[in-house]
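Please look at the structure below before reading on.

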Amino acid sequence: YNILESSSRISKKTIHVKWHPRGDEKTKRELISRGFIIHDDLPKGKYYIGHYSSLLGIAPLMNGHVIIAELDGHPTPKPIREIANIVLKDLESLRVTLETPFPNFELKNNEAIYFFGDHYNKDVEKSLICEYITNDGK
């Protein structure tokens, strides 16, 4: 978490974390002590950093941009990689990306719709966003 913490300070970007319901409380307290803002629901934001979560598929549908930070031994599945604006191979690349201004990424709405396959429709999307996405990450 050191890279995220220092990059957040340098870039003056606030890091919001969508907390996993089975996450370790000690880790959660550590993140809070480092200045990260913890959410039980996915916060609405412009950029989403992750490595392996189907929740990332929602980001482009909310006009968000996805940055994949791959972890050693944990390859990111192809459908998730396809919705990403950037795929980073190591934590040093994540540090550099966070500490520089983000480019104007293209929106990947069509890739996100493909990600959900036959289960996608606008009514379901709107319902999910209204029910599960918080606005306090703006």
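A polar contact is a pair of N or O atoms within 3.5 Å; within protein, one must be able to donate a hydrogen and the other to accept it, and residues adjacent in sequence count only if both atoms are side-chain atoms. The side chain of S6 reaches the backbone oxygen of I3 at 3.3 Å. This is a predicted model, in which local features need pLDDT of at least 70 and side-chain atom pairs count only at pLDDT 80 or more, while totals for chains, interfaces and linings use all residues. Residues are numbered from 1 along each chain as its sequence is written, and side-chain values use heavy atoms, with hydrogens and water left out.

**Helices α1 and α4**
- The axes of α1 (residues 2–11) and α4 (residues 91–99) come within 8 Å and cross at roughly 20°.
- The two helices, α1 and α4, are therefore roughly parallel to each other (angles under 35 degrees count as such).
- On the α1 side, the contact (heavy atoms within 4.5 Å) is made by I3, L4, S7, I10 and S11, and on the α4 side by L91, L94, R95, L98 and E99.

**Serine S6**
- S6 has its place in helix α1.
- With a relative accessible area of 22%, S6 is partly exposed (buried means under 20%, exposed over 50%, partly exposed in between, with a 1.4 Å probe and protein chains only).
- S6 and E99 are 93 residues apart along the chain, and their C-alpha atoms are separated by 9.1 Å.

**Serine S8**
- S8 also lies in helix α1.
- S8 counts as buried, at 15% relative accessibility.
- Leaving aside neighbours within four places in sequence, S8 is in contact with K13, T14 and I15.

Definitions and conventions
Axes are lines fitted to C-alpha atoms, for helices over the stretch in contact, and angles run from 0 to 180 degrees between N-to-C directions. Helices (H or I, at least four residues) and strands (E, at least two) are DSSP runs, numbered from the N terminus. Angles under 35 degrees count as roughly parallel, over 145 as roughly antiparallel, 65 to 115 as roughly perpendicular and the rest as oblique.
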